[in-house]
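Trainee: I would like to go through the terms used for this structure. Please set each value against its definition.

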Amino acid sequence: MSRIRLGMVGGGNDAFIGAVHRIASRIDDHFDLVAGALSSTPEKAKASGEALGLDPARSYGSFEQMAEAEAARDDGIEAVSIVTPNHVHFPAAKAFLDRGIHVICDKPLTATLEDAQAMEQAVAASDALFVLTHNYTGYPMIRQAQAMVAGGDIGKIRIVQAEYPQDWLTDAVETEGVKQAEWRTDPERSGAGGSIGDIGTHAYNLASFVTGLTGAELAADLHSFGAGRQLDDNAHIMLRYKGGARGMLWCSQVAPGCENGLRLRIYGDKGGLEWAQEDPNYLWFTPHGEPTRRITRNGAGATDPATAVSRIPPGHPEGYLEGFANIYTEAATAIRAVQGGEARDAVMGKLPGIKAGMEGMSFIRACVASSRDNSAWTTI
């Protein structure tokens with residue numbers, strides 16, 4: 001089966017997430033990167049294209065040029081990865097969606113709720129697919145947990161605990177030339193949410209993905225410990241889910257000793273589940289009144305939803321890049337299905353799309369509004 005011709009917006013030299021997307025797109029050999037507008041600076045875009053071995057004629061100075069030129073080619077890109085700061089997500093995605101080119105976009109959806117609503121309209125008006133890379137939903141043990149919850153293994157959910165602490169913004173590295181920190185702490189480029197937009201949306205999305213629950217209300221306490229920092233770098237959030245479950249979410253980028261401590265705990269009236277991203281090959285299951293059981297990726301107890309996205313035998317580490325690759329592989333399957341005539345809404349499967357993106361933006365909006373109102377309960 002021929003590879004899908006892929007373009008990329010952003011992700012040039014020294015951009016962490018662009019390299020991650022490129023690796024993920026290659027792991028299962030479904031994509032071929034053939035074009036790019038890899039930086040907002042034309043000179044850097046050209047140099048980045050040369051470093052990746054792109055045809056100079058297909059290394060563009062802007063995403064507008066790229067969308068127009070690639071749509072006009074018989075061998076133009078079929079899909080594009082958007083890996084820019086948040087404020088570029090909407091205009092870049094729209095340029096390709098309007099031309100029928102499938103979009104794979106980094107999270108959160110956009111920088112502002114207004115752009116998110118416009119993105120939703122652009123997706124609805126296009127025949128192309130829109131995939132949002134909430135990559136943690138691609139981990140095998142997360143798929144296992146989702147299936148166990150849906151199968152009633154832990155009964156009716158009562159409590160959801162999600163957290164995602166990091167420590168990389170403990171110092172004011174945004175003032176020291178660290179590019180990733182500069183734009184993430186800038187409300188013009190990042191949006192209204194700091195840690196809640198960057199990592200809090202991951203924790204919120206993962207909790208919803210596994211449990212199937214929809215957030216109803218939240219009470220948020222957002223704070224910035226960094227001197228002069230305009231956006232939150234720490235947040236404590238209480239959650240009320242539709243149906244009666246209660247939750248708590250903590251995200252922080254100023255917690256020394258924490259690297260990428262995404263963790264999810266779910267408790268029902270029949271049992272509990274626990275998973276940690278930094279040790280992702282294990283899912284801990286405790287039926288009420290029984291000893292805790294360890295389920296291993298691709299090992300005894302792992303079921304089809306998990307083994308379908310596992311590549312190697314149990315005991316070998318498999319995590320971040322492979323989870324990202326699962327999103328790309330499922331996107332490739334969906335793209336080929338649409339190209340084969342299947343309906344767009346029928347091919348998304350477990351892929352996060354515009355709905356997950358809008359839920360993330362509603363989460364950010366509610367967190368900011370609640371915190372400004374002394375942590376008042378706010379509708380999501």
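Predicted model: local features only at pLDDT ≥ 70, side-chain atom pairs only at ≥ 80, totals over all residues.

Mentor: Residues are numbered from 1 along each chain as its sequence is written, and side-chain values use heavy atoms, with hydrogens and water left out.

Trainee: Why are helix 9 and helix 12 called oblique to each other?

Mentor: Helices are DSSP runs of H or I with at least four residues, strands are runs of E with at least two, and both are numbered from the N terminus. The axes of helix 9 (residues 195-211) and helix 12 (residues 354-372) cross at roughly 120 degrees and come within 10 Å. Axes are lines fitted to C-alpha atoms, for helices over the stretch in contact, and angles run from 0 to 180 degrees between N-to-C directions. Angles under 35 degrees count as roughly parallel, over 145 as roughly antiparallel, 65 to 115 as roughly perpendicular and the rest as oblique. Helix 9 and helix 12 are therefore oblique.

Trainee: Which residues of helix 9 and helix 12 meet?

Mentor: Contact means heavy atoms within 4.5 Å. From helix 9 come I196, G197, G200, T201, Y204 and N205; they meet A356, E359, G360, F363, I364, C367 and V368 in helix 12. By class, the residues of this contact are seven nonpolar, five polar and one charged. Ala, Val, Leu, Ile, Met, Phe, Trp, Tyr, Cys and Pro count as nonpolar, Asp, Glu, Lys and Arg as charged, and the others, Gly among them, as polar.

Trainee: What makes helix 5 and helix 12 roughly antiparallel?

Mentor: Helix 5 and helix 12 pack at about 165 degrees, with their axes 10 Å apart. Over 145 degrees counts as roughly antiparallel, and these two helices are therefore roughly antiparallel to each other. In this pair, L113, A116, Q117, M119, E120 and V123 of helix 5 meet I354, M358, M361 and R365 of helix 12. That contact has seven nonpolar, one polar and two charged residues.

Trainee: What makes a space a pocket?

Mentor: On a 1 Å grid over the protein atoms alone, a pocket is an open set of points with protein on both sides within 12 Å along at least five of seven lines, and lining residues have an atom within 4 Å of a point. The largest pocket holds about 920 Å³ of space. Its lining has 47 residues, and I17, V83, Q180, W183 and R184 are the closest to its centre. Helix 7 gives the most to this lining, five residues.

Trainee: How much space lies in the second largest pocket, and which helix supplies the largest share of its lining?

Mentor: The second largest pocket has about 630 Å³ of space, and helix 12 supplies the largest share of the lining, five residues. P352, G353, K355, A356 and E359 lie nearest the centre, among 29 lining residues.

Trainee: Which peptide bond is cis, and which residue other than glycine has a positive phi?

Mentor: Most residues other than glycine have a negative phi, and most peptide bonds are trans. The bond joining K107 and P108 is cis, with omega about -10 degrees. P108 lies in the loop between strand 4 (102-105) and helix 5. D14 has a positive phi, near 75 degrees, and is found in the loop between strand 1 and helix 1.

Methods
1 Å grid on protein atoms, 1.4 Å probe; cavity = no way out; pocket = protein on both sides within 12 Å on 5 of 7 lines; lining within 4 Å. Points joined across faces, edges and corners; volume = space filled by probe spheres on them.
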